[in-house]
Amino acid sequence: MREETGLTPHRWWALEHLVAFYEPHTDRLEALPIFLAEVGPSDLVTRSREHDAHQFLPPARAGKTVHWQAQRDAMEAIDREVFLHPSFRPTSKVTHPRDITTLIHSTRRKR
């Protein structure tokens, strides 16, 4: 995340949803985990040289900008698995079961 955007997220989630696709060049089925990162509204993006643009969009609008159905499904999973979870209510004391922020921060300190 930091390499591609220059951002250091405040929180991370590992979704239950996986994206699976067949890679014909290697004759393999690939399964990719989906992660969600929260950044601050005033955090500035510093794109790597690989990228020439970026946007912050709500999930429904973002889904219209991607090519693959699996990507749209992943965005719906983000909404369903994270944004609609009770832990996102403003007064909630519930911890999200897929929150991996502590894990990410402890890994970062070990390096």
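Tutor: Gladly! Let us begin with a definition: a residue is buried at under 20% relative accessible area, exposed at over 50%, and partly exposed in between, using a 1.4 Å probe and protein chains only. This is a predicted model, in which local features need pLDDT of at least 70 and side-chain atom pairs count only at pLDDT 80 or more, while totals for chains, interfaces and linings use all residues. Residues are numbered from 1 along each chain as its sequence is written, and side-chain values use heavy atoms, with hydrogens and water left out.

Student: Why is Ile34 called buried?

Tutor: The relative accessible area of Ile34 is 13%, and the cut-off for buried is under 20%, so Ile34 counts as buried. Ile34 sits in strand β2. Helices (H or I, at least four residues) and strands (E, at least two) are DSSP runs, numbered from the N terminus.

Student: Which residues does Ile34 touch?

Tutor: Contact means heavy atoms within 4.5 Å. Not counting residues up to four places away in sequence, Ile34 touches Trp13, Ala14, Leu15, His17, Val19, Ala74 and Ile78.

Student: Ala14 is on that list. Is Ala14 buried or exposed?

Tutor: Buried, because its relative accessibility is 14%. Ala14 belongs to strand β1. Leaving aside neighbours within four places in sequence, its contacts are Ile34, Phe35, Arg98 and Ile100.

Student: Where is Ser87, and why is Ser87 called buried?

Tutor: Ser87 lies in the loop between α3 and α4 (101-110). With a relative accessible area of 15%, Ser87 is buried. Apart from neighbours within four places in sequence, Ser87 is in contact with Ser92, Val94, Thr95 and His96.

Student: How do you know that the length of α3 agrees with what a helix should span?

Tutor: The expected span is 1.5 Å times one less than the number of residues. Helix α3 (residues 69-83) has 15 residues, so it should span 21 Å; its end C-alpha atoms are 20 Å apart, which agrees.

Student: Which residues of α3 are buried, and why do we say they line one face?

Tutor: They are Ala74, Met75, Ala77, Ile78, Glu81 and Val82. Seen down the axis of α3, these buried residues fall within an arc of 155 degrees, so they line one face of the helix. The arc is that of the directions from the helix axis to the C-beta atoms. The buried residues of α3 pack against β1 (11-23), β2 (28-38) and α2 (59-63).

Student: How many helices and strands does the protein chain have?

Tutor: Four helices and two strands. From the N terminus on, the order is α-β-β-α-α-α.

Student: What share of the protein chain is buried?

Tutor: Of the 111 residues, 23% are buried. As for contacts with a separation of 6 or more, 60% join residues 24 or more positions apart.
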